[in-house]
Amino acid sequence: MTTVTLNNGVEIPQLGFGTAAIGEWQQDDSYVTETLLKGMSIGYRHFDTASVYGNERALGRAIKESGLPRQELFITSKVWDSEQGRDTRDAFERSLERLQLDYLDLYLIHWPLPAYTRETWEAMENLYAEKKVRALGLSNFRESDIEQLATFANIRPTCNQIELHPYLTQKTLVDYCQFHKIAVAVWSPLGSGSWSGVKKSEKPISDPLIVELAEKHGVSVGQIILKWNIQQHRIVIPKAESLDNIRNNFLLADVHLSEEELQAIDGLNRDLRFGADPDTAQEINKNIPVPD
Ligand SMILES: NC(=O)c1ccc[n+]([C@@H]2O[C@H](COP(=O)([O-])OP(=O)(O)OC[C@H]3O[C@@H](n4cnc5c(N)ncnc54)[C@H](OP(=O)(O)O)[C@@H]3O)[C@@H](O)[C@H]2O)c1
């Protein structure tokens, strides 16, 4: 599996397994564990969770049951808005306890909350110094949020996980991150899971160009979009529950898009978000609790 080398030297598998809303939002049961075990048996080693997904315990059980050596896995979690600031260290410890792990590979600030960023990041830097986490990163940070962080951070963030798909290419932010050696990780690459309520016909997987390219290359629409990301050095974390989709998303080696095809997909951008906008997310997020 291809990896991206983060700016602190840590290698992250470029393809990961997104875990938000497997089954339902904040579902944490044997169905989630079995779905994650299917991913592990097919070969996924990188899993993206968050305290607010409410599935860290299910992922922890899957890790135990898989019998895989810990060092073969790459586990990401995130600190939620209500946990930022002085609660960050405890929130991290709660995630570790739910995951039954003694360290994380990557810990992210889930959404920017500028008033709390300094205290949150300093707590994360301490966890990094104590070797409880191998890399620190951001999610949903705008350029202005990264600029603010740069005024006090001792450790440069390794990555920024943002919504990105053919209808939302975020070119300016991607160029900014790549210029500053902050890797770009892509959420909702296929146009979002059931949590968003967006109809399949409105997602980029149904776009005529993506369908045409899939037919031309004899692969699935999902593979076209994932490869469009992988060839442009982005980390990508599709979520899938059906065995066909889980397997299909893992088999990317045989697909190669030309430069013209990559640019044609870039051209589908319409600045369309399926998830929350960092400009307004705070208002929505404050009503979403972290389940234990
Ligand atoms: N940092 C953040 O703020 C943030 C926000 C949202 C998401 N995320 C992360 O990003 C991950 C991925 O985003 P997402 O869950 O919104 O959705 P997504 O990966 O864009 O799309 C998931 C949907 O696509 C379907 N699918 C999967 N593979 C497919 C394929 N090859 N062809 C056609 N359809 C396919 C899935 O169906 P089935 O499930 O039925 O197989 C599911 O309905 C999340 O799970 C989470 O880890 C992060």
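**Notebook: loops, helix pairs and cores**

I began with Gln 170, which I located in the loop between strand S8 (159-163) and helix H6 (171-179). The model is predicted, and I read every entry below with that in mind. The phi of Gln 170 is near 45°, a positive value in a residue other than glycine. I looked up the backbone angle because most residues other than glycine have a negative phi. I then checked the exposure of Gln 170: its relative accessibility is 15%, so I recorded it as buried, the limit being under 20%.

I next turned to Gln 100, also not a glycine, and read a positive phi of about 55°. Gln 100 sits in the loop between helix H3 (88-99) and strand S6 (106-109). Is Gln 100 buried or partly exposed? With a relative accessibility of 42%, Gln 100 counts as partly exposed.

**Helices H1 and H2**

I describe two packed helices by the angle between their axes and the distance between the axes. For helix H1 (residues 30-42) and H2, I noted an angle of about 50° and axes 8 Å apart. The two helices are therefore oblique to each other. On the H1 side, I listed Ser 30, Val 32, Thr 33, Leu 36, Leu 37 and Met 40 as making the contact. On the H2 side, the residues are Ala 58, Leu 59, Arg 61, Ala 62, Ile 63, Glu 65 and Ser 66. By class, the residues of this contact divide into eight nonpolar, three polar and two charged.

**Leu 59**

**Nonpolar cores**

I then examined the largest nonpolar core, which holds 66 residues. Phe 47, Ile 75 and Leu 104 touch the most other members of this core. Helix H8 (residues 221-230) gives the largest share of the core, five residues. Apart from this core I found another, of 12 residues, among them Leu 6, Leu 108, Ala 183 and Ile 235.

I took Leu 104 for a separate entry and left out residues up to four places away in sequence. Leu 104 touches Arg 70, Ile 75, Ser 77, Phe 92, Leu 96, Leu 99, Lys 132, Val 133 and Arg 134.

**Helices H7 and H10**

My last entry concerns helix H7 (residues 208-217) and helix H10 (residues 259-266), whose axes come within 10 Å and cross at roughly 155°. An angle over 145 degrees counts as roughly antiparallel, and H7 and H10 are therefore roughly antiparallel to each other. I recorded their crossing as left-handed. H7 makes the contact through Leu 209, Ile 210, Leu 213, Lys 216 and His 217, and H10 through Glu 261, Ala 264 and Ile 265. I sorted the residues of the contact into five nonpolar, one polar and two charged.

Key. Residues are numbered from 1 along each chain as its sequence is written. This is a predicted model: local features need pLDDT of at least 70, side-chain atom pairs count only at pLDDT 80 or more; totals for chains, interfaces and linings use all residues. Side-chain values use heavy atoms; hydrogens and water are left out. Axes are lines fitted to C-alpha atoms, for helices over the stretch in contact, and angles run from 0 to 180 degrees between N-to-C directions. Helices (H or I, at least four residues) and strands (E, at least two) are DSSP runs, numbered from the N terminus. Angles under 35 degrees count as roughly parallel, over 145 as roughly antiparallel, 65 to 115 as roughly perpendicular and the rest as oblique. A crossing is left-handed if the near helix is turned anticlockwise from the far one by less than a right angle, and right-handed if clockwise. Contact means heavy atoms within 4.5 Å. Ala, Val, Leu, Ile, Met, Phe, Trp, Tyr, Cys and Pro count as nonpolar, Asp, Glu, Lys and Arg as charged, and the others, Gly among them, as polar. A nonpolar core is a set of buried Ala, Val, Leu, Ile, Met, Phe, Trp, Tyr and Cys residues joined through side-chain atoms within 4.5 Å. Buried means under 20% relative accessible area, exposed over 50%, partly exposed in between (1.4 Å probe, protein chains only).
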